[in-house]
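Please prepare a briefing on the structure shown below.

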Amino acid sequence: MPTTTERARAGALLTGHGQTYAREAGVKLRDTPQPLYQLLVLAHLLSARIKASVATDAARALFDDGMRDPKHMSEATWQQRVDALGKGHYRRYDERTATQLGEAADLLLERYGGDLRKLREAAGGDVEECKRLLRELPGIGPAGADIFLREVQGVWPETAPYFDAKALQGAARLGLPKSANAVARLVKQEDYPAFAAGLVRSALDKRVAEDVTARADS
């Protein structure tokens with residue numbers, strides 16, 4: 001059973017740092033093709049060694065320039081993708097990423113008709129298979145697949161609870177349990193994506209953990 005301190009820290013994390021990365025990028029996640037694709041693009045960008053704020057800004061720039069779905073991403077020129085990434089200050093990996101975004105969109109259209117729900121169906125409810133299929137898309141490696149699954153668990157409940165190694169690293173920094181199932185017991189299932197995002201922020205920035213523990217333990 002979770003302790004009072006653990007529940008207090010979990011609540012403080014949700015309240016202060018529990019915004020999903022999708023919401024930060026302006027993606028209103030639903031189990032429909034366009035927002036699922038936008039989450040995939042965001043996961044791709046976030047998986048690079050770059051600040052999360054830069055990745056979310058770059059995702060917004062791509063979407064604002066019309067690349068909101070696989071068809072428009074595929075139809076955009078390589079230079080248009082590079083330019084949009086540049087607007088979001090995503091410059092270190094912009095050329096390679098622009099190529100991968102185009103290739104991933106093409107493969108997604110060819111294999112799944114541009115609809116990630118068909119990838120979900122192909123995985124047959126198996127999380128590891130879903131992860132494997134995601135990693136077949138250009139630019140989506142282990143980190144990108146983890147990011148996508150952490151956030152999509154809110155609309156794909158069969159993937160929940162999904163708290164990967166990075167989220168559990170953040171849990172450890174907060175003195176919370178070190179297993180996904182134990183961490184999941186600290187919050188409602190509907191809060192899993194936001195809680196996972198907060199845990200990742202705790203892993204990436206010790207100031208987040210310090211803020212949470214200070215407020216929860218006072």
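In which helix does alanine 59 lie? Alanine 59 belongs to helix α4, residues 52–64; helices (H or I, at least four residues) are DSSP runs, numbered from the N terminus. This is a predicted model, in which local features need pLDDT of at least 70 and side-chain atom pairs count only at pLDDT 80 or more, while totals for chains, interfaces and linings use all residues. Residues are numbered from 1 along each chain as its sequence is written, and side-chain values use heavy atoms, with hydrogens and water left out.

- Alanine 59 is buried because its relative accessibility is 0%; buried means under 20% relative accessible area, exposed over 50% and partly exposed in between, with a 1.4 Å probe and protein chains only.
- Beyond its neighbours within four places in sequence, alanine 59 contacts Ala25, Leu42 and Leu45, where contact means heavy atoms within 4.5 Å.
- The C-alpha atom of alanine 59 is 7.0 Å from that of valine 41, and the two residues are 18 residues apart along the chain.
- Glutamine 100 sits in helix α7 (residues 94–112) and is buried at a relative accessible area of 19%.
- Residues up to four places away in sequence not counted, glutamine 100 touches His44, Pro138 and Gly139.

**Nonpolar core**

- The largest nonpolar core contains 73 residues, and those with the most contacts inside it are Leu62, Leu134, Phe148, Phe163, Phe195 and Leu199.
- Such a core is a set of buried Ala, Val, Leu, Ile, Met, Phe, Trp, Tyr and Cys residues joined through side-chain atoms within 4.5 Å.
- Helix α3 (residues 33–46) supplies the largest share of this core, 9 residues.
- Phenylalanine 148 touches Leu36, Leu39, Leu40, Ala43, Leu116, Leu134 and Trp156, leaving out residues up to four places away in sequence.

**Helix α13**

- Helix α13 (residues 192–204) has 13 residues and spans 18 Å from its first C-alpha to its last, close to the 18 Å expected at 1.5 Å a residue; the expected span is 1.5 Å times one less than the number of residues.
- Of the 13 residues of α13, 12 are buried, so the helix is largely enclosed by the rest of the structure.
- The elements covering these buried residues include α1 (4–17), α2 (21–24), α10 (142–152), α11 (165–173), α12 (180–184) and α14 (206–217).
- The axes of α13 and α14 come within 5 Å and cross at roughly 115°; axes are lines fitted to C-alpha atoms, for helices over the stretch in contact, with angles from 0 to 180 degrees between N-to-C directions.
- Arg201, Ser202 and Leu204 of α13 meet Lys206, Val208 and Ala209 of α14 in this contact.

**Aromatic pairs**

- The structure holds 3 aromatic pairs; rings of Phe, Tyr and Trp (its six-membered ring) pair if their centres lie within 6.5 Å, with planes under 30 degrees apart counted as stacked, over 60 as edge-to-face and the rest as tilted.
- Phenylalanine 163 and tyrosine 192 pair edge-to-face, at 5.6 Å centre to centre and 70° between the planes.
- Phenylalanine 163 lies in the loop between α10 and α11 and tyrosine 192 in helix α13, so this pair ties together parts that are 29 residues apart in sequence.
- Phenylalanine 163 is buried at 5% relative accessibility, and tyrosine 192 is buried at 10%.
- Phenylalanine 163 also forms an edge-to-face pair with phenylalanine 195, at 6.0 Å centre to centre and 75° between the planes.
- Phenylalanine 195 is buried, with 0% relative accessibility.
- Ring pairs join Phe163, Tyr192 and Phe195 into a cluster.

Methods:
Helix = DSSP H or I, 4+ residues; strand = E, 2+ residues; numbered from the N terminus.
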